[in-house]
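Have the sequence and the model at hand as you read.

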Amino acid sequence: MTDTAEKIRQLAPHWGVMFVVMFVVLAIVERVVGSLSFLASMLLVFVVAFGYPIVVRALGVAPPIWQRP
């Protein structure tokens with residue numbers, strides 16, 4: 001099993017990208033639609049948070065820790 005430091009090293013860049021993608025998606029949606037409620041914002045955040053790993057795996061750039069056996 002991979003140790004904790006190695007897991008963090010593999011995941012940190014993806015966490016950063018996911019964080020930026022969340023802000024970009026929220027900014028674009030708010031610019032197009034207008035102000036969003038808290039629940040709508042949280043829904044978008046969850047969509048990005050759960051969708052990002054799926055997209056990254058499909059593109060073949062997922063870290064080894066996200067690879068399914």
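## Buried or exposed

A residue is called exposed when its relative accessible area is over 50%, and buried when that value is under 20%. Keep these cut-offs in mind for what follows. Please also note that the model is predicted.

R9 lies in helix α1, and its relative accessibility is 54%, so R9 counts as exposed. R9 is 54 residues away from P63 in sequence, yet their C-alpha atoms are 9.7 Å apart in space.

Because its relative accessibility is 12%, H14 counts as buried.

Which residues touch H14, once its neighbours within four places in sequence are left aside? They are Y52, V56, V61, P63 and W66.

## The buried side of the helix

H14 is one of several buried residues in α1; the others are Q10, L11, M18, M22 and L26. Part of what covers the buried residues of α1 is helix α2, residues 38-59.

## Length, kink and end

With 30 residues at 1.5 Å a residue, α1 should span 44 Å, and its end C-alpha atoms are 41 Å apart, so the two values agree.

Where is the kink in α1? Look at L11, shortly before the proline P13: the kink there is about 40°. L11 is also among the buried residues of the helix.

After α1 comes G34, with a positive phi near 110°.

Methods
Residues are numbered from 1 along each chain as its sequence is written. This is a predicted model: local features need pLDDT of at least 70, side-chain atom pairs count only at pLDDT 80 or more; totals for chains, interfaces and linings use all residues. Side-chain values use heavy atoms; hydrogens and water are left out. Buried means under 20% relative accessible area, exposed over 50%, partly exposed in between (1.4 Å probe, protein chains only). Contact means heavy atoms within 4.5 Å. Helices (H or I, at least four residues) and strands (E, at least two) are DSSP runs, numbered from the N terminus. The expected span of a helix is 1.5 Å times one less than its number of residues. The bend at a residue is the angle between axes fitted to the seven residues ending there and the seven starting there.
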